[in-house]
Amino acid sequence: MERLELKNYLDEITLFSASQEEPSWMLDIRKKALALAEELPLPVIERVKFHRWPLLEVRDLNDEVLGTPVLPAFDEMEDNPLIIQGRTTTHFEQLSTELAEQGVIFTDIFTAIREHGELVKDYFMTKAVEIGEDRLTAFHAAFMNGGVFLYVPKNVVVKDVFESIFYHNNLDSSLFAKHVLIVADENSEFSYLERIQSVGTTNEKLSANIIVEVIAKPGAKVKFSAIDQLGETVSTYINRRAHIMRDASVDWALGILNDGDVVADFDSDLVGEGSHSEVKVVAISSGRQRQGIDTRVTNKASHSVGHILQHGVIRERGALTFNGIGHILKGAKGADAQQESRVLMLSDKARGDANPILLIDEFEVTAGHAASAGRLDPEELYYLMSRGLPQSEAERLVTRGFLGSVIAAIPVKRVRDELVKVIDRKLVD
């Protein structure tokens, strides 16, 4: 399909909205966002130039190349809440009767918009990520073509892990635009795990635009984990953000293990007194891959606590930039903002940056940062090699330990094991 100017996609968007039986308010959001996407500037990721990346290409919004769904074997299935989805089509959905009777909603985003419209409308790009922030958020709102909605009611504690698996078919050249909306009502508690993975091979340049919104109401506790594994030809924009109210917490464990170019924005807005967020990020860049990751915690309320831990590894000619931003606003007395960003380079041609930024607009607060970019510790390597390990295995073990903080935070053992395998593959391919 011939590539069009964004404004010329109005009919495509209207047709897609009708195909999903969206209410008029959702179509109105799409139309408004389409107009904004023509006018707004791109977001700024410091020290990363991505304006030439193919992040604004749509191609055919309505025709999905399905391929063969990747489903777990029946005897490998577990009972936890699970959604498996392609670009638009949901291939599998599972939620226990017990959770449904407690009022838990876990379904694809289009079903949620149709059947729980008022609830979705209250939170869809209204509190965590706004439609008109920049060109990429507006573009997402206009062309969003898949995702999930999770709502956990007041005082409900869920022990099982909610899990979403999003498969990106490399043979489907259209935009992969996922939206995840999570609402944790007062004093609820649960864990959510997200995996995004490319399947199939192609030489065609593709694009993905992924936005996650987590709304944590007073006293709620959310643990969010993700493993991203999009393919080498996929240029990706990822925006994961939390809106955290009084005494609520959102802890992130994010493995950015894509093979293509990535710009990412991971934000926690601490809007309520006593709110809390721990953000742990690991990333690996290899080949000629370029990645720029902004991780921000904004302390807007008193006695809020926000900590950032970012560890990255760079191989060959890869490039990786970590920007860690801690911002304590006026009025946030007693706030705590800490960050650590470290980059490990395994090649003379690797390029890495770790940029700490602290913005303090209040007295009587605690803040600090640490940042480094360097090579493997030769003493650690020597110790392991003196015990009989070859250099490649010693490097792998040291690197795995360097990334261990996020591995340990993943709530499901089989997924932790999978993450280790993905890291090992990225380190030796």
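Start by selecting Asn155, which sits in the loop between strand S4 (146-152) and S5. Strands here are DSSP runs of E with at least two residues, helices are runs of H or I with at least four, and both are numbered from the N terminus. The phi of Asn155 is near 70°, a positive value in a residue other than glycine. Before moving on: this is a predicted model, in which local features need pLDDT of at least 70, side-chain atom pairs count only at pLDDT 80 or more, and totals for chains, interfaces and linings use all residues. Residues are numbered from 1 along each chain as its sequence is written, and side-chain values use heavy atoms, leaving out hydrogens and water.

Next, colour S5 (residues 157-169) and S7, which run parallel and are joined by 10 bridges; two strands pair if DSSP finds at least two bridges between them. Which residue of S7 stands opposite Glu163? Leu193 does. On S7 (residues 189-199), 8 of the 11 residues are buried, where buried means under 20% relative accessible area, exposed over 50% and partly exposed in between, using a 1.4 Å probe and protein chains only.

Pick Gln197 and you'll find its bridge partner, Gln229, in S9.

Time for the largest pocket, with a volume of about 740 Å³. A pocket is an open set of points on a 1 Å grid over the protein atoms alone, where a 1.4 Å probe fits, with protein on both sides within 12 Å along at least five of seven lines; lining residues have an atom within 4 Å of a point. Grid points are joined across faces, edges and corners, and the volume is the space filled by probe spheres set on them. Of its 30 lining residues, select Gly231, Glu232, Thr233, Asp259 and Gly260, the closest to the centre. S7, strand S10 (234-244) and helix H10 (413-428) each give two or more residues to the lining.

Hop to Asp247, in the loop between S10 and strand S11 (249-256). Its phi is also positive, near 55°, and Asp247 is partly exposed, with a relative accessible area of 42%.

Last stop: Ala408 in helix H9 (residues 404-409). Is Ala408 buried or exposed? Exposed, because its relative accessible area is 62%. Show Ala253 too: the C-alpha atoms of this pair are separated by 9.0 Å, though the residues are 155 apart along the chain.
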